[in-house]
Amino acid sequence: MPELPEVQTIVDDLNKKIIGRRIIDVWFDAPKIITIIFADKRGLIRGTTRNFKKIFNDKIKGLKIADVKRRGKNILIYLAKTQNLTPKTYLLLIHQKLTGHLLCGKWQMANRKAISLIKGPLEEKVNNYIRLIFYLDNGWQLGLSDLRKFAKVLFGSKEEIEKLPDLVKIGPEPLDKSFKVGKFIETLRQAQGKRKIKQVLMDQEVIAGIGNIYSDEILWQAKIHPFKKANELTTNELKSLYAAMRQILKKAVKLRGTSTSDYRDTEGRSGVYAKVRYVYQREGEKCYRCQALIKRVKIGGRSSRFCPACQRLKP
DNA sequence: AATCGTTCCTGATAGC
DNA sequence: TGCTATCAGGAACGAT
């Protein structure tokens with residue numbers, strides 16, 4: 001499940017591997033896989049590749065990859081028309097959702113679905129879930145693997161994509177240097193309502209990039225119960241939460257993310273955060289602080305793991 | 001306006 | 001063994 005650390009890992013990989021590469025061809029297996037949005041002489045064009053396949057193909061072929069960035073859990077691939085990579089005229093936005101991940105390397109299509117990998121994805125010799133491939137001018141491919149087909153891909157002019165609520169509504173980046181503890185406390189206090197802190201942490205409009213794995217990890221580190229009402233947290237608790245958030249996310253980026261499920265980096269390798277995790281998917285096992293058994297509870301259809309002894313609802 | 005439930009999808013697993 | 005039912009989950013969307 002790609003969250004901030006996993007997406008950052010992919011983005012860092014791509015910056016080392018595909019900047020300056022030209023897209024020479026594209027392949028995908030579902031008609032509606034990509035939504036395109038850009039202003040044209042005829043006005044605003046918006047639709048999926050079901051109806052705009054030719055326009056999409058014509059527009060994207062020949063573009064050069066100018067820059068790759070992350071915003072929340074979104075991967076932003078800036079594409080340039082000109083030789084020197086500026087101006088960046090088009091933008092490809094990829095949200096990997098639950099099981100999506102980008103692979104970059106050289107491989108062969110075995111049949112319509114399965115591929116046998118020649119170079120690149122190391123741990124995945126065969127991948128049955130490639131939905132989208134960009135063919136690059138050095139013979140490499142940039143592929144989207146996505147078992148459950150939830151991933152979102154948007155392509156359009158930089159201006160139009162940057163205006164979308166998908167990007168505009170996203171809250172501050174938790175690892176930004178300018179996002180200091182005071183700003184964090186102010187942000188959480190503004191995120192009013194009686195919602196549980198677990199839900200608030202995962203709300204992309206409050207803070208960007210935190211999902212189920214890292215909200216559990218952060219709350220354990222800060223010794224805060226996931227059901228605690230966000231507006232009832234003390235200043236000290238908010239300070240702990242901020243410190244835990246920064247520490248956990250930085251550590252997870254360093255360890256290249258968590259691969260308990262489908263997530264892999266651009267070469268198909270697992271991240272290793274799972275080896276040091278505190279609570280995520282450790283229900284029934286002992287808490288590393290107090291030896292109590294980690295519990296699993298449901299919040300709005302989502303699982304939350306925590307230690308019932310050291311993350312107490314009431315003191 | 002805020003919050004809840006539903007939906008998308010496939011593979012793993014539980015239960016009979 | 002082999003079938004069916006349930007579950008996992010990010011976030012857009014519709015309903016309340």
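Reader: At what angle do the axes of α1 and helix α8 cross?

Author: This is a predicted model, where local features need pLDDT of at least 70, side-chain atom pairs count only at pLDDT 80 or more, and totals for chains, interfaces and linings use all residues. Residues are numbered from 1 along each chain as its sequence is written, and chains are lettered from A and ligands numbered from 1 in the order in which they are written. The axes of α1 and α8 (residues 235–254) cross at roughly 40 degrees and come within 8 Å. Axes are lines fitted to C-alpha atoms, for helices over the stretch in contact, with angles from 0 to 180 degrees between N-to-C directions. Helices (H or I, at least four residues) and strands (E, at least two) are DSSP runs, numbered from the N terminus.

Reader: Which residues make the contact?

Author: On α1, Leu4, Pro5, Gln8 and Thr9; on α8, Leu249, Ala252 and Val253. Contact means C-beta atoms, placed from the backbone, within 7 Å.

Reader: How is chain A divided into domains?

Author: Domain 1 covers 4–168 and domain 2 covers 181–306, with bounds from an automatic or database domain assignment. Their centres, taken over C-alpha atoms, are 29 Å apart. Domain 1 gives 24 residues to the contact and domain 2 gives 22.

Reader: Which element gives the largest share on the side of domain 1?

Author: That is α1, with nine residues.

Reader: New topic. What surrounds DNA strand B?

Author: Leu147, Arg148, Lys149, Phe150, Gly193, Lys194, Arg195, Gly300 and Gly301. Near means that the C-beta atom, placed from the backbone, lies within 6 Å of the strand.

Note on methods
Two residues are in contact if their C-beta atoms, placed from the backbone, lie within 7 Å.
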